[in-house]
Every structure is written in C-alpha cells, then in structure tokens.
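This report describes the fold of one protein chain for a reader who is new to structural analysis. Please keep the sequence and the structure in view while reading.

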Amino acid sequence: MIQAVTSKDGTPIAYQRSGEGPPLILVHGTLGVSRRWPVVPLLAERFAVYAMDRRGRGDSGDGPDYSLAREAEDIVALASAIGGAVSVLGHSFGALCALEAALLLPNLSHLILYEPALSGAPSDAIARLEALLDAGEREAVVLALFREIVEMPPDEVELLRASPNFPAMVAAAHTVPRESRAEEQYRFVPARFGRLAVPTLLLLGEHSPPSLQEPTATLHAALPNSRIAVLPGQQHIAHYTAPVLFAAEVARFLSDK
C-alpha cells in the first residue's frame with residue numbers, strides 16, 4: 001500500500017512498506033522509483049523496508065525549489081514519521097542524499113551508501129542532457145546518463161532497457177539534468193562528517209569505473225566508523241544483477257552488533 005509523509009517544504013513524499021523488523025529506508029538513485037528495488041522481497045524477510053519515491057517521480061510530489069537539501073529533508077521526514085532507530089540505504093545519487101540526511105538524523109542506526117558520486121559529470125555532458133530534454137528526447141536522456149555519465153557496460157544498459165521499469169525511468173527523464181547539476185555543484189567537505197560515528201557500510205562494485213570507486217575511498221577516509229564491502233563481479237547496479245548477494249551483504253551489516 002502506498003503511503004506518504006509531508007516534507008519540510010510541504011511536498012508529499014510517497015513510500016511503500018514491506019516486511020516486519022527493524023526499519024530500513026531505501027533511497028533510490030537517479031531515475032529510480034520505489035518499485036525499482038528487486039531486493040525488497042529479500043530484505044523484507046528480515047526488515048521493515050520503507051522504499052520511498054524521491055521527489056519528482058513515482059507517487060511523490062515535487063517542489064518549486066529543487067536542491068540536495070530538500071532531498072535530505074525528505075528522508076528526515078520519513079525517518080521522523082517511522083520513529084525510533086532507523087537505518088538508511090542509498091544508491092548512487094540517492095546515496096548522496098542519504099549522506100546529507102545522515103547529518104540531520106538523530107535516530108540513525110546504520111548507514112549504507114552504494115557508490116555515490118561526490119563530484120558531478122563534466123558540465124558539457126550535463127548540457128548535452130539538457131539539450132536532449134529540451135528536444136523532447138526523453139529516452140535519449142536516460143541512455144546518455146547510463147552510457148556517458150555512469151559508464152555502464154552495454155549489457156547492463158540493455159538489462160535496464162528491457163526492464164519493466166524502463167518506461168518509468170523515461171517518465172522521470174526531466175529530473176536527470178537537475179540532479180546532475182546538484183552533483184556538479186556539490187562540494188564534499190570531510191570535516192563536516194568527522195563526528196558522524198554511525199556504523200556505515202560503503203558498497204562498491206568490483207568492476208565499477210574509477211569515477212565511482214574513488215568517491216568510496218574518499219568517504220571511507222572521512223567517515224570514522226565506515227568499512228568497504230566489495231561486491232565481486234558487480235558494477236553499479238548489483239541490486240539488479242546480483243540481488244541475493246546484495247541483500248545478504250546488507251543483512252549481514254545490519255545484523256552486526
């Protein structure tokens with residue numbers, strides 16, 4: 001059943017709950033939606049999973065003033081509604097949102113970040129996305145993001161293209177340039193996170209490109225209670241390509257005392 005909370009700026013943020021147990025919020029990446037988590041049934045065997053739709057897609061609303069700060073507030077609104085200790089798992093751009101939200105969450109139990117980018121794509125690449133969107137080439141925006149910015153291999157691009165969720169990704173194409181610009185403008189300041197002592201798992205695909213491996217190393221050096229878990233044989237979408245492996249790594253971490 002779809003439910004919703006109201007974020008700080010009045011935007012409704014939708015989510016779907018599955019399973020029972022300690023609460024775990026899932027924050028999807030660019031083009032994601034709450035339904036685009038193949039690992040939910042696996043995680044729901046042990047956790048109460050709250051898969052949210054980030055603002056501007058799925059069943060969530062949107063606000064007139066977009067920023068990474070608004071995204072963090074959306075996560076805080078859901079965590080506050082849940083109450084008590086919560087864990088947060090973010091993928092890609094959603095991991096950057098989760099990282100910023102972690103500074104605002106007094107009830108955060110565990111943090112899981114899967115390959116956030118700490119610096120944006122080249123400005124000319126973002127300009128190309130904006131031009132494609134202005135021309136109405138929504139599918140081309142999605143494919144350019146996968147191929148040119150995330151640097152997905154062709155087989156993973158085709159896997160997503162064949163997914164039943166691909167039409168929803170195309171429908172959310174208008175959110176790609178704004179999130180890319182937010183990444184471009186983001187400046188990671190390690191000192192801001194020096195006191196973030198919450199246990200943090202940094203998931204990393206063994207074969208992910210350097211542009212995604214390097215931010216993970218940077219985060220590991222900055223976060224005082226973090227560790228890296230390498231997902232063998234995987235790249236940026238292990239929750240699609242190896243859901244059993246992905247869910248097992250998450251469950252192992254959340255079960256650690």
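## Ala182 and its surroundings

Not counting residues up to four places away in sequence, Ala182 touches Tyr66 and Phe93, where contact means heavy atoms within 4.5 Å. Ala182 belongs to helix α8; helices (H or I, at least four residues) and strands (E, at least two) are DSSP runs, numbered from the N terminus. With a relative accessible area of 14%, Ala182 is buried. The term buried stands for under 20% relative accessible area, exposed for over 50%, and partly exposed for what lies in between (1.4 Å probe, protein chains only). Ala182 and Ser119 are 63 residues apart along the chain, and their C-alpha atoms are separated by 9.2 Å.

The model is predicted: local features need pLDDT of at least 70, side-chain atom pairs count only at pLDDT 80 or more, and totals for chains, interfaces and linings use all residues. Residues are numbered from 1 along each chain as its sequence is written, and side-chain values use heavy atoms, with hydrogens and water left out.

## The sheet

In what order do the eight strands of the open sheet stand? The order is β1-β2-β4-β3-β5-β6-β7-β8, and the pairing is mixed. Because β1 and β8 (226–231) stand at the edges, each with a single partner strand, one side of each is left without a neighbour in the sheet. From one strand to the next, the twist averages 25°; angles run from 0 to 180 degrees between N-to-C directions, and axes are lines fitted to C-alpha atoms, for helices over the stretch in contact.

Strands of a sheet pair through backbone hydrogen bonds, either parallel or antiparallel. Two strands are said to pair if DSSP finds at least two bridges between them.

| Strands | Sense | Bridges |
|---|---|---|
| β1 (residues 2–6) and β2 (residues 12–18) | antiparallel | five bridges |
| β3 and β5 | parallel | four bridges |
| β5 and β6 | parallel | six bridges |
| β6 and β7 | parallel | four bridges |

Gln3 stands opposite Tyr15 in β2, and Ile25 stands opposite Val88 in β5. Val86 has Leu108 of β6 opposite to it, while Leu113 has Leu202 in β7 as its bridge partner. The hairpin of β1 and β2 has five residues between the strands, and Gly10 there takes a positive phi near 95°.

## Helices against the sheet

Helix α3 (residues 93–102) is mostly covered, with 10 of its 10 residues buried. Among them are Phe93, Cys97 and Glu100. What covers the buried residues of α3 includes β3 (23–27), α2, β5 (86–91), β6 (108–114), α8 (175–185) and α9 (210–222). Strand β6 is likewise mostly covered: six of its seven residues are buried. The chain crosses from β5 through α3 to β6, and this β-α-β crossover is right-handed, a term that applies if, with the strands pointing away from the viewer, the path from the first strand over the helix to the second runs clockwise.

What of α2 and α9? Pairing in the parallel sense, β3 and β5 belong to the part of the sheet on which α2 packs; α2 touches β1, β2, β3, β4 (48–52) and β5, and its direction makes about 160° with that of β3. Helix α9 also packs on the sheet, touching β6, β7 and β8, and its direction makes about 160° with that of β7.

Leaving aside neighbours within four places in sequence, Asp74 is in contact with Ser7, Ile13, Met52 and Arg55.

## A helix pair and a loop

Helix α5 (residues 138–149) and helix α6 (residues 154–161) pack at an angle of about 145°, with their axes 10 Å apart. Their contact is made by Glu139, Leu143, Phe146 and Arg147 of α5 and by Val157, Glu158, Leu160 and Arg161 of α6.

Val189 has its place in the loop between α8 and β7 (200–205). Val189 is partly exposed, with a relative accessible area of 38%. From C-alpha to C-alpha, Val189 and Ala222 are 8.9 Å apart in space, and they are 33 residues apart in sequence.
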